[in-house]
Structures are given as structure tokens and as C-alpha cells.
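The following exercises are to be worked through with the sequence and the structure at hand. Each task is followed by a solution in steps.

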Amino acid sequence: MEYFISLAVLVGIYITLSSSFNLIIGFGGLVSIAHPIFFALGAYTTGLLAIHFQTHPVLAVLAGGGVAFLSSMMLSLPSLRISGDYLLITSIGFQLGLLEVIKHLGVTGGASGLGNIPNVVEGSYRSAVFAVVSCSIAAVVVWMIRWLLTGPYGRVITAMRDDELAFSALGRNAMMIKLSLFAIGSGFAGIAGGIYAYYFQYISPDQFEILQSAMLLTMVVVGGMGSQWGPVVGAVLLLLLPQAISFLNLPPSVMAPLQGVIFTTLVLVFLFWRPQGLIAPDKRQSAKDA
Amino acid sequence: MIDISILLQIIWTGFAASTYAILFAVAFSLVVKVVKVWNFAQAGIMALSFYVMYAAHNKFGVPLLLSVGIGLVATIGANVFMDRYGLQTLRNRNSPDLTFFIFTLVVSEFLAYFLAMIFGTEPVALKSNIMSGVNIVNGIVISNWDIEAVCVTGVLLAALYFFMNKTHDGQFMAAVADNPELSRFYGINVTRAYVITFVITGLLITAGMYLFGTRASIIPNTPLQMMLFAVISTLLGGMGRIFGAAVAAIGLSLIQGLSIFIIPSQWQGLILYVFLFITILFFPQGVSLPKLKQLLSLSKKASPAQ
Amino acid sequence: MSVLISLRDVCKSFGGIVVADHISIDIQRGEILGLIGPNGAGKTSLFNLISGVYPADSGSIAVSGQSLDGLNLHQRARLGVARTWQHMRLFASMSVLENLLVAPRNYPGEKISNIIFKPKQTAAANHAVRERAMGILKRMHLESIAHSNVNDITFGQQKLVGLARALMNDGECLLLDEPMAGVEGNAYETMKSIVREEASSGRAVCVVEHNVSFIKDLCNSAVFMASGKILERGSVDSLLASKTLADLYFGA
């Protein structure tokens with residue numbers, strides 16, 4: 001039972017991550033895979049605040065989100081200004097570069113990670129409390145993204161994706177919109193990071209490497225980019241999958257890469273066989289998909 | 001005071017070590033130039049290349065050169081397969097750039113995990129003894145590996161230059177790089193140009209992985225990390241300038257080696273990332289003399305108080 | 001009549017190709033100026049320079065006396081430079097009405113701070129935009145397709161929607177790039193009367209067109225361009241009667 005409850009905590013966190021990633025890459029069309037680094041920044045900010053300043057957990061998590069929100073501009077401002085295509089490479093460099101920094105700073109615990117993050121929920125119902133919090137945040141994030149996208153703003157985003165040049169010629173500052181989407185999505189990732197830090201009480205740089213990027217990409221691609229529920233489905237599916245294969249009783253050295261093989265094969269299969277993902281894009285069907 | 005012989009040693013070693021980096025950078029740059037794709041799948045192909053050679057030589061006892069041959073066939077095969085059935089399908093569908101990126105990245109990830117499943121994650125090298133004989137020339141250590149690396153790279157680059165400039169296929173590739181639609185119009189077989197690109201790339205990759213694998217040990221993830229170097233070299237060298245990428249690779253390698261004099265070793269890993277940022281910000285089209293002059297004059301204008 | 005759009009000595013070249021060669025021209029309020037000339041003369045490039053798709057190499061462009069130099073595409077649109085495109089560039093995922101709803105230069109109904117803190121104002125602003133959009137569609141007799149996806153309507157209707165979208169900008173300049181190409185019948189007549197109405201309400205309209213009868217029908221005056229230069233300006237009839245220009249056009 002305990003096992004499923006901690007799985008629920010992870011599900012909530014990953015729904016938040018995949019939905020916010022979809023906002024950036026699926027709706028904003030911003031090709032960045034650096035989402036895990038904002039997850040990391042949120043986690044580290046929250047962890048450090050908790051350890052050194054005993055900050056109230058709600059404040060610490062919000063601070064994590066805030067740091068992620070602001071630092072996203074360190075990435076988006078320089079690279080969007082140049083040309084959208086460069087965002088991809090810059091995002092990879094940004095993610096790995098910041099991880100390098102984290103690995104070599106003493107205060108973050110370096111490559112061995114940051115441990116001893118204080119426990120903020122005592123008692124035998126700890127996991128359950130975290131599960132409720134994590135899933136509630138996921139629900140709020142999904143709802144907020146939905147609200148953002150179904151209103152007039154959603155129209156604006158769609159127009160920008162359809163034809164950015166014509167869009168700009170209408171007087172719209174496309175860059176501002178992209179920066180905002182990027183910041184909002186990254187902020188949500190930071191909040192997920194805060195929850196992650198408090199639950200596991202230990203975080204390390206290798207939890208935020210390209211494997212994470214691949215996982216999030218898988219969730220979004222398989223679930224359905226450009227649809228609001230797609231990433232939710234993707235997150236749930238991909239978290240349950242390892243559980244499904246765990247009964248195969250393979251040695252761990254094969255297990256970990258096998259998961260990776262399954263993830264990546266799924267993405268490839270979907271890319272070629274069903275590019276729109278499990279959940280097709282919403283009512284505004286893109287004519288290009290036809 | 002820096003000992004001159006240490007300086008020369010570092011320069012030589014940096015230069016020799018840049019050889020395989022040059023090959024990977026040129027391979028990556030060539031695909032960007034002709035096929036117009038940021039081929040992150042190269043990392044996976046690099047890993048595949050190495051492990052095929054490794055399996056042939058170290059597991060099945062095939063002599064090293066023959067193993068390289070087998071590796072070459074496998075690499076080129078995989079490369080061309082990926083283009084014919086992967087990239088071409090996406091091209092036919094007019095897929096957006098994002099899809100191409102996801103595809104190439106995931107191919108690399110897939111291969112990395114697949115190889116990890118088969119070979120595990122312990123570092124392995126092509127030769128059980130990666131120390132080669134050394135020669136001391138004027139106080140500088142020059143290993144046999146260094147000599148082999150420089151020769152192999154030099155020959156391959158010269159052959160590539162000759163191919164690109166003197167053969168019909170090479171010129172067709174340049175035309176396709178410039179304007180695929182127009183090339184098709186003039187009867188140039190664009191598909192063939194792509195295939196040849198991937199054959200050449202396969203050759204460069206195999207040679208590079210042979211050199212690297214006889215000098216150091218790798219794990220399936222290593223090529224992914226090496227890709228960053230290739231990407232920055234391509235950017236710095238300029239779009240469409242494969243020999244520019246080669247020069248950039250040498251330059252970066254030397255800077256990395258020489259930086260030991262100014263930067264504490266723990267931050268060495270960060271240099272590449274800093275370079276990436278600087279390149280994207282100031283030289284998105286590659287380093288060129290006019291651009292440098294433009295930047296210098298801009299900074300002069302900015303200095304006097306507004 | 002006051003000068004609305006003013007270009008002085010504008011030059012632009014790409015590599016070795018000169019698309020604008022010391023172009024100086026004034027376009028007046030209420031004027032409908034036709035731009036004619038052979039392919040490659042630089043007509044669309046001129047539009048691109050005025051609207052800001054790329055900056056001029058030298059020279060200056062001003063609208064209502066305000067310099068546009070250094071401003072980019074979206075900044076100029078906010079100042080009232082509206083345009084249509086040769087290839088229409090409608091937003092393919094959306095309906096006709098939605099294409100118009102994203103087009104005004106001021107959109108208080110979309111600012112997040114307004115949505116949260118001034119919901120009534122926001123609702124009113126959104127309503128006003130919707131009214132205006134439907135108004136334009138009614139003028140064009142297109143109300144019935146307001147909710148159709150732009151890919152499901154006829155070519156002529158698509159061109160009208162492109163014009164409608166530019167009109168939502170309600171700025172003072174209207175640059176129409178081949179609005180009539182491929183359009184005939186009712187759509188043609190509608191477009192003509194709309195453009196006339198806009199000019200007479202005080203806009204400066206500039207039209208690039210190959211359709212000579214449209215130019216004759218509609219434009220007060222015209223300018224003949226070739227190789228990035230303005231060769232002649234005058235009444236449409238005199239330009240079309242000139243033998244040298246005809247040679248350039250048809251001989252090219």
C-alpha cells in the first residue's frame with residue numbers, strides 16, 4: 001500500500017512536470033529540453049532553504065518555483081533573441097553546464113548530492129500527505145494551464161505557432177509571449193522540484209540529466225503534444241510502465257537500461273506510427289496534421 | 001613562469017587529442033551542411049560503431065583491423081538505414097524541426113540504453129593496453145598513438161577535401177547543400193547525395209571511434225557527451241564550412257588543454273558550456289573576420305558614456 | 001491632404017542583388033497608390049522594408065512624421081502599419097473569426113493582469129473586439145463563414161479574410177500585396193469597394209498588383225518600379241500608355 005502511495009507522489013510530480021513541459025514545447029513551440037534543470041533548481045533552492053534557514057515549507061517551495069521562473073530568462077533571453085532554432089542547443093548546454101556547476105559547488109553537496117533535507121511531515125501518514133499535496137498541485141497546474149490555453153490567450157498562442165511572421169505583423173510581440181510561456185512552465189517545474197526535495201530528502205545532480213529530459217519528452221510525445229490531457233496520460237503511463245516490467249525480476253544492471261530502451265522505443269514508435277500521440281490535439285485541429 | 005617544454009607538451013597533446021574530435025566535428029558539420037539536420041543521432045552511431053568493433057575484437061578475437069572493417073560496415077549501414085527509413089519518412093511528411101530533433105536525440109538515447117543492456121556500463125577500451133610506445137622528440141613526448149591519430153586524420157581530411165572539390169558527387173553534395181530544390185530541378189539525385197553524406201560520415205565516425213577507443217575507455221553514454229564538442233565546433237566554424245569546423249575543433253581542444261594554466265581543474269568541464277553560450281550569443285553564424293570587426297566596433301561605440 | 005508614409009533614399013541589397021535603389025516616395029492620406037512593375041522589381045521588398053520585415057541598409061522611413069528606423073515588425077504594426085501578404089499567411093488552425101480576433105493592435109482583454117484584476121473591463125474589451133470583427137465580416141458579406149476554418153473556404157474568401165485581418169489593425173497605413181491575384185466575381189467587387197472606403201476614411205493605401213484592370217479601377221496614381229528603382233510616378237493611364245514602360249514590363 002505504502003508503495004502505491006509513494007507512486008502517487010511521483011505521479012503528481014511528473015504530471016506537473018510533463019504538463020508544464022508541454023506548455024513550453026507543445027504549445028509554445030519552444031524547442032528546449034532543459035526542463036529538468038528547472039526542476040533541479042527548484043529542488044536545490046527548496047532543499048538549501050530548508051537545511052540552512054529552516055524556511056517554512058510553503059515558502060521554500062514557492063521560492064523554488066520563483067528561482068526556476070527567473071532563471072529561465074537566463075536561458076530564454078539570449079537564445080530567443082538570436083533565433084528560435086538555437087534554443088535547442090543552448091538548452092542542452094544550459095542544462096548540462098548548470099549541472100556541472102552544481103556538481104562542483106560545495107554548498108550544493110557537489111556530485112554526491114544534497115542530503116539531510118529536513119522532514120516537514122511527521123507521522124505514519126507522511127507519504128499520504130505528500131501524495132495529496134503533490135496531486136493537488138498537479139491538478140492546480142493542469143487547471144491553470146487549461147485556463148491559460150482555452151481563453152483568448154490560447155488563440156494568441158495558436159496564431160503564433162501557425163505563422164509567427166504574420167503574427168508579428170499584427171503588432172504582437174512574439175518573443176515576449178515565448179518568454180512568458182517559458183518562464184511560467186519553468187516556474188511550475190521548480191515547484192515540482194520543491195515537493196520532490198521535501199519528499200525524498202535527498203537530491204543529486206545525476207537525477208536531472210538527459211535521462212530526465214528523455215523521460216519528459218517521452219511523456220509528452222507519447223501522451224500527445226499540443227493536447228492538454230496528453231501529458232497527463234503520458235506521465236501516468238510512463239510511471240506505471242517500470243512497475244509493469246519489475247515483475248520480470250531482471251538484475252538491476254539490466255533493468256535500468258531496459259527502462260530506457262522501452263521509453264525510447266515508445267517514442268520512436270509513436271513518432272512514426274502515431275505522431276499526434278495518444279491524445280490528439282484539442283478542438284483546434286491543426287490543418288497541417290492532416 | 002611556465003616551463004616552455006610543458007607548454008609545448010600540452011599543445012602537442014592537445015593537438016593530437018583533437019584528432020578524433022576533428023573527425024566527429026567534421027562529420028556532424030557535414031550532415032548539417034548537406035542534409036540540413038542537426039544529427040544528434042551521431043552520438044548513438046558513434047557508440048554503436050565502437051561497440052561493434054569492441055565486440056568483434058575483444059569478444060570474438062577478430063584481429064583489430066578486421067574489426068575496424070566490420071565496424072565500418074556496421075556504422076555506414078546504420079547511418080544509411082537511419083536516413084532512408086527515419087529521416088526520409090520525416091522529410092516526406094514535412095515534419096517540423098522539433099520532430100527531427102526528437103527523432104535524432106531518441107535514436108542516440110535508444111542506442112545508448114540498448115548497448116548498456118548488452119555491454120553493461122563498465123568502461124571498456126578497444127585495446128586492452130591503451131599505452132602505446134612513446135618517442136621523445138626535443139623533450140616532448142610523442143606517442144605512437146599520437147602519430148597514428150594525426151596521420152589517419154590528415155589522410156581522411158585530405159581525401160574529403162579532394163572528394164568535395166574534385167569529384168562530381170562532391171560537387172553535387174555542395175549543390176544540394178546550397179539549394180536542394182534547385183538541385184533536384186537540375187537533375188541531381190538528392191537522395192544519393194544524402195546517402196553519400198552518411199557513408200562519409202560513417203567512415204569518419206568509425207575512424208574517430210577507433211582512435212578514441214585505442215586511447216581511452218568509454219561507456220555507452222560517452223559519445224553523447226562528446227557531441228557537445230562537435231556541436232560547438234560546427235557553430236564556431238560556420239554553417240556549411242566543414243573545414244571551419246575542423247579548425248574550430250583544434251582551437252577548442254587547445255584552449256581546453258591550455259586552460260589548465262588559468263582555471264582550476266574542477267572547473268575545466270565548464271569551459272565547453274561557456275564557449276557554447278558565447279558562440280550562440282555572438283557568433284551564431286560562425287566566427288568570421290567581418291563579424292569580429294563588427295563586434296569590435298560595436299563595443300567601441302558602446303564604451304563612451306551614453 | 002497630408003503625407004502619411006514617407007521614404008527618403010531607402011536602399012537595400014541582399015548579397016549582390018539590389019532590391020531598393022535610393023527610393024524616395026511620399027504616400028498621402030486618402031491615396032490609393034499602385035505599385036506596378038515586372039517580377040523582381042522590388043515591389044514586395046518595398047513593402048517588407050516599410051512594414052519592417054527587414055531593416056533598410058540606409059535611408060529613412062517615416063509614418064505620420066514618426067520615424068520607423070530601428071523599429072521592428074511588431075513595433076511598426078503597433079504604430080499602424082498594416083499589411084497583407086502575397087501568400088496570405090492566414091492562421092491555419094483557426095476559424096475566420098478567430099483570425100480576426102487576434103489581429104487588433106491593442107488587446108486589453110488578453111493581458112493576464114487585466115484578466116485577473118479587471119474582469120469586467122476585460123469582458124467588455126473582448127466583446128468590443130468581437131463586434132468590430134463581425135462588423136468587418138458583414139461589410140464583406142462573410143458573416144456566414146465566420147466560424148469556418150480558414151482552410152475550408154474558397155480562395156477568394158480567404159483573400160478577403162486576409163484583408164479583413166489587416167483592417168482589424170485600424171491603423172493609418174494599409175499595404176496590400178497582390179490582394180486580387182486569383183480573385184474574381186463578387187469577391188473582386190467587394191474588395192474594391194472596401195479598399196475605396198478605407199482610403200476615403202483617411203488611410204494611405206498602397207497596392208502591389210499585376211491585375212492591370214484593378215489598378216486602373218482603383219488607384220488614383222501609380223508608380224512603376226524596376227530593378228529596385230522607381231522609374232516613374234503618375235496617373236495610371238499615363239503609366240500604362242508609356243511605351244518604354246510597356247517594353248520593360250512585357251519585354252522582361
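**Conventions.** The model is predicted: local features need pLDDT of at least 70, side-chain atom pairs count only at pLDDT 80 or more, and totals for chains, interfaces and linings use all residues. Residues are numbered from 1 along each chain as its sequence is written, while chains are lettered from A and ligands numbered from 1 in the order in which they are written.

**Exercise 1.** Find the bridge partner of Gly34(C) in β8(C), and determine which way the residues of β3(C) point.

*Solution.*
- Step 1. In β8(C), Gly34(C) has Val207(C) as its bridge partner. Strands (E, at least two residues) and helices (H or I, at least four) are DSSP runs, numbered from the N terminus.
- Step 2. Strand β8 (residues 204–208) of chain C runs parallel to β3(C), and four bridges join them. Two strands pair if DSSP finds at least two bridges between them.
- Step 3. Strand β9 (residues 221–226) of chain C also pairs with β3(C) in the parallel sense, over four bridges. There, Ser221(C) is the bridge partner of Leu33(C).
- Step 4. Ile32(C), Gly34(C) and Ile36(C) point one way from β3(C), and Leu33(C) and Leu35(C) point the other way. In a regular strand the side chains alternate between the two faces of the sheet.
- Step 5. Five of the five residues of β3 (residues 32–36) of chain C are buried, so this strand is largely enclosed by the rest of the structure. A residue is buried if 20 or more other C-beta atoms lie within 10 Å of its own, exposed if 12 or fewer, and partly exposed in between, with C-beta atoms placed from the backbone.

**Exercise 2.** In what order do the four strands of the open antiparallel sheet of chain C stand?

*Solution.*
- Step 1. The order is β2-β1-β4-β5.
- Step 2. At the edges stand β2 (17–28) and β5 (66–67) of chain C, each with a single partner strand, so one side of each is left without a neighbour in the sheet.
- Step 3. Strand β1 (residues 3–14) of chain C is joined by five bridges to the antiparallel strand β4 (residues 58–63) of chain C. Leu7(C) has Ile61(C) as its bridge partner in β4(C).
- Step 4. Helix α1 (residues 43–51) of chain C lies across β1, β2 and β4 of chain C, at about 65 degrees to β2(C). Axes are lines fitted to C-alpha atoms, for helices over the stretch in contact, and angles run from 0 to 180 degrees between N-to-C directions.

**Exercise 3.** Which chains have the most contacts among the two pairs that touch?

*Solution.*
- Step 1. The pair is chains A and B. Two residues are in contact if their C-beta atoms, placed from the backbone, lie within 7 Å.
- Step 2. This contact takes 33 residues from chain A and 28 residues from chain B. On the side of chain B that touches chain A, α4(B) gives the most, with 13 residues.
- Step 3. Chain A also touches chain C, with 20 residues of chain A in contact with 23 residues of chain C. Here α6(A) gives the most to chain A's side, namely seven residues.
- Step 4. Chains B and C do not touch, and their nearest C-alpha atoms are 14 Å apart.
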